[in-house]
Every structure is written in structure tokens, then in C-alpha cells.
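Reader: I want to learn how to read helix packing and a nonpolar core. Please walk me through a case.

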Amino acid sequence: YTRGTVTAFSPFDARADAEALRKAMKGMGTDEETILKILTSRNNAQRQEIASAFKTLFGRDLVDDLKSELTGKFETLMVSLMRPTYIFDAHALKHAIKGAGTNEKVLTEILASRTPTEVRNIKQVYLQEYEANLEDKVTGETSGYFQRLLVVLLQANRDPDGRVDEGLVEQDAQVLFRAGELKWGTDEEKFITILGTRSVSHLRRVFDKYMTISGFQIEETIDRETSGDLEKLLLAVVKCIRSVPAYFAETLYYSMKGAGTDDDTLIRVMVSRSEIDLLDIRQEFRKNFAKSLHQMIQKDTSGDYRKALLLLCGGDDE
């Protein structure tokens with residue numbers, strides 16, 4: 001996890017930070033600047049220590065205080081930063097499948113991009129925190145091939161990267177070609193099995209081979225032959241196989257492009273990738289969208305929310 005913009009702050013003093021935060025929220029008016037500066041410059045493990053020092057010193061819950069002192073998107077961002085890393089994805093999924101209507105976008109983004117180890121961790125945490133089986137919850141709220149691919153991804157049994165067998169690459173590419181381009185009606189199951197279980201390095205070779213055989217990028221075939229939630233999930237899986245940072249650069253770009261900002265996505269990606277690969281995401285963003293992530297956040301957001309996002313973003317890639 002060396003490609004994050006947020007790293008451990010040093011010299012770190014949890015009690016001093018807790019005191020500064022209490023002072024920022026005490027009495028009339030809130031000092032938002034102090035809050036955002038502290039929380040964006042400490043890593044998640046340190047934020048947990050600050051919360052614990054806050055409770056020890058003042059008998060108060062830091063997250064509850066943040067919720068009562070802050071509002072809107074800025075509040076959502078600060079509270080998200082305070083969520084323990086290992087709970088973050090489980091919590092996002094829980095809220096994506098609760099109550100009326102399922103948020104397919106969140107299911108797609110998280111389950112397409114996380115490593116098998118991360119998915120296993122999410123399932124375990126989900127069970128501990130919510131005393132429920134994530135797979136059961138997901139199958140209860142989804143259907144069809146979309147559901148099946150989610151279930152395959154939830155098994156977290158993708159082949160580990162190893163030596164790539166060119167014969168099998170050729171075979172998979174041919175199977176996908178016959179299932180997609182050559183048939184009336186796509187054989188979705190073949191796509192699901194191959195995209196959901198083969199290793200990353202194997203699939204990258206399959207995509208190259210597919211292009212050679214068909215003259216199309218696999219994304220173009222998926223785009224033409226499938227639709228709706230299944231299409232979005234298949235595309236997300238393909239993009240994450242090609243490059244997870246490029247996938248998130250695109251996700252961030254579309255969360256801000258056009259009228260209105262999808263703040264939930266913007267916050268979720270900035271927070272969840274800040275200690276993992278946000279530097280790589282910035283690089284891909286600059287390369288693919290002819291502007292920097294920093295410039296786009298600057299233009300699309302405002303106030304303390306913008307200040308905090310820009311600090312999480314780190315630098316500007318001119």
C-alpha cells in the first residue's frame with residue numbers, strides 16, 4: 001500500500017489531536033479548518049487512536065460530535081474518514097443493499113475492484129459486524145446474470161497469477177468470441193466464468209488475443225451484446241483486470257463530469273483509495289482526461305468539503 005496519498009503522520013500525538021478537535025467543536029461555532037486538517041493528514045489507524053483518546057479524555061464519542069457539529073457533504077466525508085478501514089467496504093455494501101432499492105453501482109464498484117483477499121476480509125467483517133451472510137444478502141436483492149457474476153466474485157477464488165498458458169489463452173479467447181460476436185444472443189455464462197475466475201495476467205493476454213481474433217476490444221462486444229447492470233458489472237471487471245487505478249480514475253471523472261456531482265461516489269473512492277493507490281489513480285486521471293484530478297475537484301466542489309478533498313488528493317499533476 002505504498003501508492004497512497006495519505007500516510008502515517010509523524011510525530012503523532014493522539015491526545016494532542018483529540019484536544020485540538022475538542023477545542024474546535026466546543027462552544028459557539030465550529031473550527032472546520034482544524035478538523036479537516038487533522039483528519040486528512042492522519043492515516044486511518046491514527047484516526048482510530050485519536051477517537052480512543054477523545055473518549056478517554058472527554059467521555060465523548062468523536063464521531064457523534066462530528067455528526068452533531070458538521071453538516072452536508074463535509075460531514076459525510078469526515079465521518080467516512082473516521083470509519084475503520086476494515087469496516088469501510090462492508091459498511092458501504094450494507095447500505096447498498098438495505099431497504100428500498102439496491103444501489104447496484106456500489107456493489108459493482110466494490111466487488112469488481114477488490115482483490116480476492118480483500119473480498120474474503122469483507123465477507124468476514126460483514127458477518128461479524130452485521131451478523132448476516134453477505135452473499136445471502138446480495139442474492140436476495142439481485143437477480144439474473146448480474147446476480148450470478150456477483151456470486152462468482154464473492155467466492156473470491158480467482159486463479160492466482162502464475163505462468164500464463166498460451167494454449168488456454170487462445171482457447172478462452174475463442175470461447176468468448178463464439179459466445180459474443182458469433183452467436184445470436186450472447187452466452188453470458190461463458191463470460192461470467194472466464195472473467196470471474198481466471199487470473200489477472202491470463203485475462204490480460206486473453207483480451208489481447210480476443211482483439212486479434214475479432215478485431216474488437218472485449219469492452220466493445222460487452223457494450224453491444226449486454227445491457228443494464230450486467231453490462232456495467234462486466235465492464236467494471238474488465239477495466240479492473242486491465243488496471244484498477246485506471247478504473248478508479250474513470251469512476252472519479254464520471255462522478256464529477258457534467259451537471260451535478262455524484263458526491264457519494266467521489267467520497268467513497270477518495271477515502272477508500274487514499275492509503276492504497278490514489279497516486280496511481282491521479283497519474284491515470286491526468287493521462288486519460290487531459291486535466292488533473294486536483295483541477296477537477298477544485299472546479300466541481302466548494303467550501304470545506306473542497307478543501308478536505310484537495311488535501312486527500314495531495315498534489316496537482318500539471
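Predicted model: local features only at pLDDT ≥ 70, side-chain atom pairs only at ≥ 80, totals over all residues.

Reader: At what angle do helix 16 and helix 18 pack?

Author: Two packed helices are described by the angle between their axes and the distance between the axes. Helix 16 (residues 244-256) and helix 18 (residues 278-289) pack at about 65°, with axes 8 Å apart. They are therefore roughly perpendicular (65 to 115 degrees).

Reader: Which residues of helix 16 and helix 18 meet?

Author: P245, A246, F248, A249, E250, L252 and Y253 in helix 16 meet D280, I281, E284, F285, N288 and F289 in helix 18. Contact means heavy atoms within 4.5 Å. These residues divide into nine nonpolar, one polar and three charged.

Reader: Which residues touch the most other members of the largest nonpolar core?

Author: In soluble globular proteins, nonpolar side chains tend to be buried together. Here the largest nonpolar core has 95 residues, and M78 and M270 touch the most other members. A core joins buried nonpolar residues (under 20% relative accessible area, 1.4 Å probe) through side-chain atoms within 4.5 Å. Helix 15 (residues 228-242) gives the largest share, nine residues. M270 touches L252 and L278, among others.

Reader: How many residues of helix 7 are buried?

Author: Eight of ten, in residues 104-113. Among them are V106, L107 and I110.

Note on methods. Residues numbered from 1 in each chain as written. Heavy atoms only, no water. Axes fitted to C-alpha atoms, helices over the stretch in contact; angles between N-to-C directions. Helix = DSSP H or I, 4+ residues; strand = E, 2+ residues; numbered from the N terminus. Parallel < 35°, antiparallel > 145°, perpendicular 65-115°, else oblique. Nonpolar A, V, L, I, M, F, W, Y, C, P; charged D, E, K, R; others polar. Buried < 20%, exposed > 50% of the residue type's maximum accessible area, 1.4 Å probe, protein only. Lists of a residue's contacts leave out its neighbours within four places in sequence.
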